[in-house]
Amino acid sequence: MRYIRQSIDWIYAFITGHPFLFWTCMALNLFGVIWGGIVWYGPMLVSSPPWAWIFIPDCPAAALYATIAFILIRYGRATPWFTAFAAFACIKYGLWTLAFWSRHWLGAGAVEPLELMLFVSHIGLTCEGILLATRIGLLGITARALVAAFFSLSILVDYGLGFHPPLTWVVTPAFAMWTAVILTSVLGFWLTRPSVAVAQQIAAHRGLRMNE
């Protein structure tokens, strides 16, 4: 585990240490936000009530959150709860999309170039979430639970009220829903796991000792 964390830290330092690479990644994110928001989710947004918009463009929204979170971290203005929120969104919707296209290809038996591009881009989205997950910092359990609760609510809105992402003829609503449920449950447990409370107590205790 220590070597994995070291590798993640090295990748993060490499990307953020090269301005051209960093801003290229941010520009690609924004391209994904615009393309996904208009092409993939545009018709659905137009036909949906405004209150549902925050729940509809899953992956484009995650890319936007990630862009904001990375820029805030770069300039020392990061907010831990938003970093956690962006990390959760990127990992959940990145992995959901990978499962989505894998299931589609198994049933359709063919891989289209655009589909492959979307698959690869969502590997990148997932990796961005992992990078952000290591930058959350000190964040209380209540705030972590609220982040997890939002993504639990999104499942209710998506599959209970019918605002789920567009699906193909192969991918059923049941598959899409249970994939979202499993990912949200696993990530929610990770974000609010008991060891987080212990780490918070240790950090708080160290802070008190430093102030004595």
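**Salt Bridges, Cysteines and Helix Packing**

Good morning. I begin with Cys127, which has a relative accessible area of 39% and is therefore partly exposed. On this scale, buried means under 20% relative accessible area, exposed means over 50%, and partly exposed lies in between, with a 1.4 Å probe and protein chains only.

A word on the basis of these values. This is a predicted model, in which local features need pLDDT of at least 70 and side-chain atom pairs count only at pLDDT 80 or more, while totals for chains, interfaces and linings use all residues. Residues are numbered from 1 along each chain as its sequence is written, and side-chain values use heavy atoms, with hydrogens and water left out.

I stay with the cysteines. How many disulfides are there? A disulfide is a pair of cysteine sulfur atoms within 2.5 Å, and the count under this rule is zero. Cys25 takes part in no disulfide, and the nearest cysteine sulfur, in Cys127, lies 11 Å away. Cys25 is itself partly exposed, at 25% relative accessibility. For Cys127, the closest cysteine sulfur belongs to Cys90; that distance is 11 Å, which is too far for a bond.

I turn next to charged side chains. A salt bridge requires a side-chain nitrogen of Lys or Arg within 4 Å of a carboxyl oxygen of Asp or Glu. The model holds two salt bridges by this rule. One joins Arg5 to Asp9, with 3.0 Å between the closest N and O atoms. Why are these two residues about one helical turn apart? Because they are four residues apart in helix H1, residues 2-16. Helices are DSSP runs (H or I, at least four residues) and strands likewise (E, at least two), numbered from the N terminus. Arg5 is partly exposed at 39% relative accessibility, and Asp9 is partly exposed at 27%.

Asp9 also meets Arg135 in a salt bridge, at 2.6 Å from N to O. Arg135 sits in the loop between helix H6 (113-133) and helix H7 (141-160), whereas Asp9 is in helix H1, so this pair ties together parts that are 126 residues apart in sequence. Through shared partners, the salt bridges join Arg5, Asp9 and Arg135 into one network. Arg135 has a relative accessible area of 25%, which makes this residue partly exposed.

Now to helix packing. Two packed helices are described by the angle between their axes and the distance between the axes. Axes are lines fitted to C-alpha atoms, for helices over the stretch in contact, and angles run from 0 to 180 degrees between N-to-C directions. H7 packs with helix H8 (residues 173-192) at about 175°, the axes being 9 Å apart. The two helices are therefore roughly antiparallel; angles under 35 degrees count as roughly parallel, over 145 as roughly antiparallel, 65 to 115 as roughly perpendicular, and the rest as oblique.

Finally, two buried residues. Thr126 is placed in helix H6 and is buried, at 8% relative accessibility. Leaving out residues up to four places away in sequence, Thr126 touches Cys90, Ile91, Gly94, Leu95 and Leu98. Pro57 lies in the loop between helix H3 (42-46) and helix H4 (58-74), and is buried at 14% relative accessibility. Apart from neighbours within four places in sequence, Pro57 contacts Tyr41 and Leu45.

Thank you.

Methods. Contact = heavy atoms within 4.5 Å.
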